[in-house]
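Let's take a walk through a protein model together. Keep the picture open beside you as you read, and look up each residue when you meet its name.

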Amino acid sequence: AQGGFWPESLVIRGGPPIEQLPGFRDGWFSIQDQAASWIAQLMDIRSGDFVWDVCAGPGGKAVHIAERMNDSGFILATDTHVNRLLKVIENSRRLGLKSVHAVRADATLDIVRDSMFDAVLVDAPCSGLGVLRRHPEAKWNKEKADILRMSKIQIQILKKASRNVRLGGSVLFCVCSNEAEETFDVARAFSESPEGADFKVEDLSVA
């Protein structure tokens, strides 16, 4: 049914597995959670831009970005997990996208040396406590120490990635968590760091 957050989105309820839907193998559409579909819409991107999706697997956001850029430009899609990168490649090929380039890399390290990107997406690894609707068992496997450990990794990735944004570019930080340690605290720590000094925080709460 037509619906969701955006005019171009369709909400599928019931039916056969996604892979069996007409047009899926021909690349007529991509699959995303409704909340995830916000990301490409919120990013300040244009056709021809250079974009870095820092933690890209399995690729839903990367291909959505490419589609919104009319497959024009360059999207670096990095991840540490080979299986997740293979999904990025699979999604890109199915949709016929040429602008997405998947590379295995650890975003906590200095993997890009030039300030070449117009926009950077940091969809950081997190506790996942914001998606308990889909993974209710996760709440039994998380401890405070895990959340604090993840927040340190998030800040590290955000600082590293932000160094590679050109003057006037943008960074979008997002996580599947509603814990303050992984959201507001990370944003605050970044803003108060040397890496965050040249960035202006935008309020997206009413976007």
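**Rings, strands and loops**

F199 is partly exposed, with a relative accessible area of 26%; on this scale, buried means under 20%, exposed means over 50%, and partly exposed lies in between (1.4 Å probe, protein chains only). Before we go on, please note that this is a predicted model, in which local features need pLDDT of at least 70 and side-chain atom pairs count only at pLDDT 80 or more, while totals for chains, interfaces and linings use all residues. Residues are numbered from 1 along each chain as its sequence is written, and side-chain values use heavy atoms, with hydrogens and water left out.

Let's begin with the aromatic rings. A pair of aromatic rings is described by the distance of the centres and the angle of the planes. Rings of Phe, Tyr and Trp (its six-membered ring) pair if their centres lie within 6.5 Å; planes under 30 degrees apart count as stacked, over 60 as edge-to-face and the rest as tilted. How many aromatic pairs does a search of the whole structure find? There are four. In one of them, F24 and F29 have ring centres 5.8 Å apart and planes at 55 degrees, so this pair is tilted. F24 is buried, at 10% relative accessible area, whereas F29 is partly exposed, at 22%. F199 belongs to a tilted pair with F190, where the centres are 5.6 Å apart and the planes make an angle of 55 degrees. F190 counts as buried, with a relative accessibility of 9%.

Go back to F24 for a moment. The charged end of R94 sits over the ring of F24, 3.9 Å from the ring centre. The rule here is that NZ of Lys or CZ of Arg must be within 6 Å of the ring centre and within 35 degrees of the ring normal.

Now for the strands. Helices (H or I, at least four residues) and strands (E, at least two) are DSSP runs, numbered from the N terminus, and two strands pair if DSSP finds at least two bridges between them. Five strands make an open sheet with parallel pairing, in the order β3-β2-β1-β4-β5. Which strands stand at the edges? They are β3 (100-104) and β5 (165-174); each has a single partner strand, so one side of each is left without a neighbour in the sheet. Strand β1 (residues 50-53) pairs with strand β2 (residues 74-79) in the parallel sense, over four bridges. Within β2, A77 stands opposite D53.

E182 is in the loop between β5 and α5 (184-191). Is E182 buried or exposed? E182 is buried, with a relative accessible area of 0%. Its side chain is joined to that of Q154 by a polar contact of 3.0 Å; such a contact is a pair of N or O atoms within 3.5 Å, and within protein, one must be able to donate a hydrogen and the other to accept it, while residues adjacent in sequence count only if both atoms are side-chain atoms.

In the loop between β1 and α2 (60-68) you will find P58. The peptide bond from G57 to P58 is cis, with omega near 5 degrees. Finally, look at the loop between α2 and β2, where N70 has its place. N70 is not a glycine, but its phi is positive, near 60 degrees. N70 is exposed, with a relative accessible area of 60%.
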